[in-house]
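Please read the report below alongside the sequence and the coordinates.

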Amino acid sequence: MAMDSGAPTGSFRLSMLLYDTRYRSYTIQIFALFLLMLGAAWLVDNTIRNLAALGKDFSFSFLWNVSGYDISQRPIEYSSTSTHARAAWVGLLNTLILAVMACVTATILGVIAGVLRLSNNWIIGRLMTIYIETFRNIPALLWIVVFGAIMAESMPAPRDFRGDTPEATMQVFDSVAITNRGVYIPAPQFERSLGTLDLGFVAPSLDAIAFILVVVLSIWANKRLIAHATKVQNATGVRPKTWWKSILILFGPAIVLLVALGFYLDYPALAGFNFRGGIHMRSSLIAMWLGLSFYTGAFIAEVVRGGIMAISKGQSEAAAALGIQPGKTMRLVILPQAMRVIIPPMISQYLNITKNTSLGLAVGYMDLRSTLGGITINQTGRELEGMGLMMLIYLLLSLLISSAMNLYNNRVKLRER
């Protein structure tokens with residue numbers, strides 16, 4: 001007996017592109033794609049016509065012209081005789097430095113505030129609520145300006161550190177100077193330096209590369225040690241002591257490398273009208289760092305609080321029944337499980353920090369927006385090329401951050417059997 005499946009039969013007809021459910025979705029998508037391509041073609045043609053009317057072409061040759069302006073905060077060598085490409089590279093490095101600093105600080109602040117907001121202590125819980133609700137409901141730009149004003153108006157001038165009885169003193173073992181021009185901290189130096197690796201656009205220190213490699217290898221070796229101890233425990237029921245071995249593995253090679261390179265600190269010292277030596281973190285960098293950290297930290301605190309509350313109370317009750325202290329319960333039981341809920345929204349917060357670095361123009365911090373998207377465009381008149389290149393760079397940065405965080409998210413997510 002033949003059975004009717006309900007599927008259309010017969011040869012293909014054009015009307016099936018609209019009325020047949022098997023083809024209609026494809027028809028709509030192709031039509032939408034055609035409209036999108038038509039709009040893009042019109043936009044490109046209109047842009048070319050307007051550029052021709054203005055006597056301009058589309059070219060990135062301006063990047064190799066002399067920039068003619070200075071950049072205060074520069075992690076690599078740069079002068080006013082450098083090219084616009086070099087200026088854009090300096091701005092990009094400033095953006096990356098600020099983004100990394102703010103992401104680390106905002107994460108620490110957010111985790112602490114998110115955990116403390118759930119505290120049984122009424123005062124601590126309310127204080128964290130005030131911090132979170134205050135900072136996340138006021139625009140980040142205002143906080144950046146506030147911190148910039150605090151640095152400029154409240155901090156002592158370098159002249160206040162001069163004299164037999166100075167009005168201001170250096171902090172942290174007389175090695176850190178906090179002034180209205182910025183913060184001066186000791187700079188790491190090496191008597192037997194390995195030099196630098198000249199790549200043209202950047203010259204990273206071989207000492208720093210060697211130190212990072214040693215730290216990474218030490219962490220890998222420590223993980224192997226812990227894995228072996230776990231294997232022995234599973235086989236014998238007795239876990240060997242590894243704490244002293246972990247200390248040697250984690251810190252021993254790094255200390256040996258630093259001693260071999262002749263590591264020492266170059267302390268800032270007052271010379272003339274300003275401090276010399278050390279690392280100068282300008283007020284604009286401090287204002288951006290603190291503003292973005294405290295602002296985004298409030299959002300991260302709510303993310304952390306939501307992740308913790310997503311964990312069943314039975315986990316805490318079971319840990320308490322086993323006699324585990326509340327602090328260890330949070331650190332060893334609750335937070336590892338909450339990470340599966342916390343990490344996905346954290347990606348958005350890190351992306352927000354990276355994009356909000358463009359607010360540095362308000363306090364004079366020369367990031368990518370201030371160099372390539374600001375002075376370079378004003379001097380060359382290449383607004384289309386400059387903005388397009390800047391958008392592409394921000395897009396690539398966002399995609400890299402998302403990819404890295406998604407890889408970490410895949411490692412910690414719950415795996416079903």
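The buried residues of H4 pack against H3, helix H5 (140-153) and helix H8 (283-309), where contact means heavy atoms within 4.5 Å. Helices (H or I, at least four residues) and strands (E, at least two) are DSSP runs, numbered from the N terminus. This is a predicted model, in which local features need pLDDT of at least 70 and side-chain atom pairs count only at pLDDT 80 or more, while totals for chains, interfaces and linings use all residues. Residues are numbered from 1 along each chain as its sequence is written, and side-chain values use heavy atoms, with hydrogens and water left out.

The residues of H4 that are buried (under 20% relative accessible area, against over 50% for exposed and in between for partly exposed; 1.4 Å probe, protein chains only) are Gly125, Met128, Thr129, Tyr131, Ile132 and Phe135. They lie on the same side of H4, because they cover an arc of only 165 degrees around the axis, taken from the directions from the helix axis to the C-beta atoms. On the other side of H4, Trp122, Ile123 and Ile130 are exposed. At the start of H4, a side-chain oxygen of Asn121 comes within 3.0 Å of the backbone nitrogen of Ile123.

Arg117 sits in the loop between helix H3 (84-116) and helix H4 (122-136). Arg117 counts as buried because its relative accessibility is 16%. Its side chain makes polar contacts with the side chains of Thr129 (3.1 Å) and Glu302 (2.5 Å). A polar contact is a pair of N or O atoms within 3.5 Å; within protein, one must be able to donate a hydrogen and the other to accept it, and residues adjacent in sequence count only if both atoms are side-chain atoms. Leaving aside residues up to four places away in sequence, Arg117 also touches residues including Met128, Ile132 and Arg305.

A search of the whole structure finds 11 aromatic pairs. Rings of Phe, Tyr and Trp (its six-membered ring) pair if their centres lie within 6.5 Å; planes under 30 degrees apart count as stacked, over 60 as edge-to-face and the rest as tilted. Two of the pairs are tabulated.

| Pair | Centre distance | Plane angle | Class |
|---|---|---|---|
| Tyr184 and Phe275 | 5.1 Å | 35 degrees | tilted |
| Tyr295 and Phe299 | 5.1 Å | 65 degrees | edge-to-face |

Tyr184 lies in strand E2 (residues 182-185) and Phe275 in strand E6 (residues 274-276), so this pair ties together parts 91 residues apart in sequence. Both Tyr184 and Phe275 are buried. Tyr295 and Phe299 both belong to helix H8, four residues apart. Ring pairs also link Tyr131, Phe135, Trp143, Phe147 and Phe294 into a cluster.
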